[in-house]
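Please examine the sequence and the structure shown below before reading on. The paragraphs that follow lead from the ligand to the spaces in the protein, and then to a few individual residues.

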Amino acid sequence: MTNVLVIGGAGYIGSHVVAALLDNGATVTVFDNLSTGTRENLFPTARFIQGDILDKQALSAAMTGQEAVVHLAAKKAVGESMQYPDKYAENNISGTLNVLNAMAENKVKAFVFSSSAAVYGIPQESVLDETCPVDPINFYGFTKLEIERFLTWYDRLKDIRFVSLRYFNAVGYDAAGRVKGLEKNPQNLLPIIMETAAGIRSKMAVFGNDYDTPDGTCIRDYIHVTDLADAHVRALHYLKTGGKSQILNLGTGTGHSVMDMIQKTQELIHRPISFDIAPRRPGDPAKLTAKADAAHTILGWTPRHSSLDEIILSTWRLYQK
Ligand code: UFG
């Protein structure tokens, strides 16, 4: 793809996608309202439009000359989505429909969507492939699933082919240090471990150690954002070369527990991480890992940066500062 519009390109995952696209010679325009993304994450070689996906006119103007859209602009805090579903409906659902309508209007036909393993809800299997039942247990996951459903209709009716990428647990930072913005008020495990290691927090909580797992803490599939970004580049190439619409999991297939993550971090960065065992967090399944064979077969994608060492050290490099 030559001309690509990256909506949400100043965010954590979006900026890594921009880096990968630029590395592959694309001409990139970032469209972002900077609500959670930051200017620090912008690349001087990508054009930047500060705009909101609720602004139809701005979106339509941004589509001019684009061949493809990567859409990552979404609210993503699971807890908040249960408290303020209105915000999530407006931003994640209405906003994405605005994007799709602006694409249809401007004849942009290739779409890569940032979806989530949250669409599966409480899994019936601990290893999930794309044929597993979807039944989100939080409103955030519901918004992602709704969009996937709209996408099949926009494919049929508006000829927009898509690849929807269901991320498992996104972690890590660009090895070359090009992405500099830390997430504001992070809710996820690894940034919380890092904030504790860096002294930003005095202590962290481990939500439950009585799960049916070897050490009693929850197991997740942590995937490096550089690997996620690579899948976006491949998905765009796949669509450009005529591939049909797909929904694909992105994970490593290997799980690590909360205690694995804490212990490995302590070992690698030589700092103590103080924690308390707290009650279970509602809605946490014991174990969630991906079967990502389809992404391998269809996109030729294999995670190459998702060892715990690379994940933890690339993240620590930023938090250390
Ligand atoms: N955890 C703690 N303490 C914390 C934060 C998290 O023990 O302070 C635990 C959680 O209970 C969970 C594990 O660390 O067992 C991972 O939690 P995260 O919040 O980092 O991630 P989740 O697995 O809950 O969810 C993330 C994304 C979702 C996505 C999902 C896909 O936030 O959007 O991965 O697997 F759907």
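Which elements each supply at least two residues of the shell around the ligand? They are the helix α6, residues 189–197, and the strand β9, residues 204–207. Of these, β9 provides the largest share of the shell, with 3 residues. It should be kept in mind throughout that this is a predicted model.

The surroundings of the ligand may now be considered in detail. There are 21 residues around the ligand, and those that come nearest are Ser116, Asn169, Arg220, Arg281 and Asp284. Sorted by class, the shell consists of 14 nonpolar, 4 polar and 3 charged residues. Arg220 places a polar side-chain atom 2.7 Å from an oxygen atom of the ligand. The backbone takes part as well: a polar backbone atom of Leu189 is 2.8 Å from an oxygen atom of the ligand, and a polar backbone atom of Phe207 is 2.9 Å from an oxygen atom of the ligand. On its own, the ligand has 680 Å² of accessible area, and the protein covers 90% of this.

The greatest contribution is that of α5, which gives 3 residues. By class, the lining of the largest cavity comprises 4 nonpolar, 4 polar and 1 charged residues.

A pocket, in contrast to a cavity, is open. The second largest pocket holds about 250 Å³ of space. Of the 16 residues that line this pocket, Ala20, Asp23, Asn24, Thr226 and Asp230 lie nearest its centre. The elements that contribute two or more residues to its lining are α1, residues 12–23, and α7, residues 225–240. With 6 residues, α7 gives the most. The lining of the second largest pocket divides into 4 nonpolar, 5 polar and 7 charged residues.

Finally, some residues in loops deserve attention. Leu34 belongs to the loop between β2, residues 27–32, and β3, residues 47–50. Although Leu34 is not a glycine, its phi is positive, at about 60°. Is Leu34 buried or exposed? Leu34 counts as buried because its relative accessibility is 17%, and the limit for this class is under 20%.

His270 is found in the loop between α8 and β14. Phi of His270 is also a positive value, near 55°, in a residue other than glycine. In accessibility, however, His270 is exposed, because its relative accessible area is 69%, and exposed means over 50%.

Arg271 is likewise located in the loop between α8, residues 258–269, and β14, residues 275–278. Its relative accessibility is 36%, so Arg271 counts as partly exposed. Arg271 and Ala197 are 74 residues apart along the chain, and their C-alpha atoms are separated by 6.3 Å.

Definitions and conventions: Residues numbered from 1 in each chain as written. Predicted model: local features only at pLDDT ≥ 70, side-chain atom pairs only at ≥ 80, totals over all residues. Heavy atoms only, no water. Helix = DSSP H or I, 4+ residues; strand = E, 2+ residues; numbered from the N terminus. Nonpolar A, V, L, I, M, F, W, Y, C, P; charged D, E, K, R; others polar. Near = heavy atom within 4 Å. Polar contact = N/O pair within 3.5 Å; in protein donor to acceptor, adjacent residues only side chain to side chain. Areas by Shrake-Rupley, 256 points an atom, 1.4 Å probe, with all protein chains shown as cover. Buried < 20%, exposed > 50% of the residue type's maximum accessible area, 1.4 Å probe, protein only. 1 Å grid on protein atoms, 1.4 Å probe; cavity = no way out; pocket = protein on both sides within 12 Å on 5 of 7 lines; lining within 4 Å. Points joined across faces, edges and corners; volume = space filled by probe spheres on them.
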